[in-house]
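Here is a short briefing to read beside the sequence and the 3D view. Keep both open as you go.

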Amino acid sequence: MATTANSKAKLPPSSPVRPNPGKASVGAIGWMRQNLFNSWFNTLLTLLIAVIVLRVVPGAVEWLIINASFGPSTSEECRVVALQDHGACWGSLWEKGRFILFGQFPYEDQWRAAIACLAITGAMIISGFRFMWRPRLIAVWAVALFLFFWMMGGGLGLPDVPTNFWNGLPLTLMLAVFGSICSFPIAVLVALGRRSSLPFIKVFCVLYVELIRGVPLITVLFMASFMFPLFLPEGVSINNLLRAQIGIILFTAAYLAEVVRGGLQAIPKGQYEAADALGLGYWKKMMLIILPQALKICIPPIVNSIISMFKDTSLVLIIGLFDILALAKASHQDPPWALYFGEFYIFVALIYFCYCFSMSKYSQWLERKLNRGNKH
Amino acid sequence: MAEDNTPAVLLKNLNKWYGEFHVLRNINLSVKRGEKIVVCGPSGSGKSTMIRCINRLEEHQEGSITVDGIELTDNLKNIDAVRAEVGMVFQHFNLFPHLTVLENCTLAPIWVKKMPRKEAEEKAMYFLDRVRIANQAHKYPGQVSGGQQQRVAIARSLCMSPRIMLFDEPTSALDPEMVKEVLDTMVMLAKEGMTMLCVTHEMGFAKAVADRVIFMDKGEIVEENEPEEFFSNPQSPRTRTFLEQIL
Ligand SMILES: Nc1ncnc2c1ncn2[C@@H]1O[C@H](COP(=O)(O)OP(=O)(O)OP(=O)(O)O)[C@@H](O)[C@H]1O
Ligand SMILES: [Mg+2]
């Protein structure tokens, strides 16, 4: 601690001034010679990549943009674009885009599904601001989730919509959001349990984490969807959606628990001892001293886990839930639109990309921010 | 509360092992109320272990430890009661880096003693003022110097109104120019009659405030004496060798 106080005075390790490049490497040619052709192996790689790029990119650009049609089109018009012009028919999305986003949600009520998505997305964005990392964030999520379930499920004057019509983006967002919110406390408890001195708790937590980490998510989902009901008493049934959600929560919690455990391990022993010496009990010590520091360290890896879980929600299609990926698949299985799977999958990929890329950029930004904060 | 003639700390035939390693051997020590004791000895002699046993940061295996009449056993109530009586200052300060100086001082009073926040803050400001660092109350530990951090750590302990203070080499992680400010604070505390057990090699401090100096080696108390006698006329050859090395 004493040393970090002085570190501000020192120069950063990599100074922005590069050594003098010399005459040969001035300008674009010099840069290329230094970075692309500085050894026979690099030269080979550069040429190879150039060939691949020249082969692939023009075709892709032609299909994506030059030969493509953008306006709304019927399936006949699209057929012409696809078969004669060899271009993408983005117009197919005018027809099918809404189905990919909201699936079988009653057509004239789809504004409700849209509001539900906006509520969740808005709450995600608000959570990103550090000044919102206060108890009021809980209120924000409470409002967002209320809005989500009201819009999706109906009630309070809106017609009811059963959960098997909750498809597409709302489903993806719901699985991801509950996957993170609910798995987080479980993860913290399991991480603490793994470090517990009580053997029973410790063994239970180790078994849980290792069992879940030892099997793919698909297995967990199958178990949740098909096996779990077998264990339930006669007459009791749990909604398929809820089962998938529980599967995802349990799966994510195991990974997050390991992340949190890593954070806990990084807290010096002295912090525990100081808390003990002041007479703080176990839970106060953890909640007030250890976890706030440990979680701060592992925010970036936590965001990483959430990103990967966000994408993993697409696996629910194998147990018969229709998230955006499943709807894209269903869209091109509709015979008149069979040719446009490229367009549909690109659309879905873009949606995943928007969410995941922003989260990833955000976590990088946050990491820099927090590192700077530590150096005071 | 115990009567005034019960010792503040009483160690009887204390033995402790780390696995096979016998780290404390038959320690007997009685500390009177208000007494200041300096513990010294070579590295690895068990000084830290001994004083950490007194507030149960370490468990002992044999013998008994009684603090203010409360015996330390597995009984959690007793452990809590002892920890409420005993404050501890560490070599590496161990401030909570995510809390401000003020919050470091108010945390335990609020959460352990259930003191109202306002009262806790007043008390904290009083002690921060005593250790002459009240003007830094809203900084984070990482933003103040080592000597200041250690004074905050002392204030943090004092906020719990301990009757006994333990110090484990409180100045040995400090740059030389900061040692004095911390020692001055400790002298001030000593003059107010606090019962203190202090592991330190600051012989000036020992001469100035200690009632007794204890020399430990290989897990045993080899010698104990008043500071004058201890430094001018050490009895055991081991003490003599040690003093030659550090003086
Ligand atoms: N957790 C532990 N497990 C095993 N051995 C330990 C442990 N903690 C301390 N020891 C050993 O016990 C002995 C006494 O340690 P202690 O920290 O009490 O010494 P010390 O007198 O305070 O030394 P120093 O002046 O270096 O602080 C040392 O030999 C040390 O290696
Ligand atoms: Mg020590």
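The points below cover a ligand site and a chain interface.

This is a predicted model: local features need pLDDT of at least 70, side-chain atom pairs count only at pLDDT 80 or more, and totals for chains, interfaces and linings use all residues. Residues are numbered from 1 along each chain as its sequence is written, chains are lettered from A and ligands numbered from 1 in the order in which they are written, and side-chain values use heavy atoms, with hydrogens and water left out.

**Around ligand 1**

- The residues around ligand 1 include B:Tyr18, B:Phe21, B:Val23, B:Pro42 and B:Glu169. Near means that a heavy atom of the residue lies within 4 Å of the molecule.
- Also among them are B:Ser43, B:Gly44, B:Ser45, B:Gly46, B:Lys47, B:Ser48 and B:Thr49.
- By class, this shell holds 4 nonpolar, 6 polar and 2 charged residues. Nonpolar covers Ala, Val, Leu, Ile, Met, Phe, Trp, Tyr, Cys and Pro; charged covers Asp, Glu, Lys and Arg; the others, Gly among them, are polar.

**Atoms that meet ligand 1**

- An oxygen atom of ligand 1 lies 2.4 Å from a side-chain N or O atom of B:Thr49.
- For B:Ser48, the distance from a side-chain N or O atom to a ligand 1 oxygen is 2.5 Å.
- At B:Gly44, a polar backbone atom is 2.8 Å from an oxygen of ligand 1.
- Ligand 1 taken alone exposes 640 Å², and the protein buries 59% of that. Accessible areas come from the Shrake-Rupley method with a 1.4 Å probe.
- Strand E2 (21-31) and helix H1 (47-54) of chain B each give two or more residues to the shell around ligand 1. H1(B) gives the most, with 3 residues. Helices (H or I, at least four residues) and strands (E, at least two) are DSSP runs, numbered from the N terminus.

**Where chain A meets chain B**

- In contact are 18 residues of chain A and 23 residues of chain B. Contact means heavy atoms within 4.5 Å.
- The two chains bury about 2100 Å² between them, 65% of it on carbon and sulfur atoms. Buried area is the accessible area lost on being put together, summed over both parts.
- There is 1 salt bridge between chain A and chain B. A:Glu273 forms a salt bridge with B:Arg52, and their closest N and O atoms are 2.7 Å apart. The rule asks for a side-chain nitrogen of Lys or Arg within 4 Å of a carboxyl oxygen of Asp or Glu.
- On the side of chain A that touches chain B, helices H12 (269-277) and H13 (282-297) give two or more residues. H12(A) supplies the largest share, 8 residues.
- That side of chain A divides into 9 nonpolar, 5 polar and 4 charged residues.

Definitions and conventions:
A polar contact is a pair of N or O atoms within 3.5 Å; within protein, one must be able to donate a hydrogen and the other to accept it, and residues adjacent in sequence count only if both atoms are side-chain atoms. Buried area is the accessible area (1.4 Å probe) that two parts lose on being put together, summed over both.
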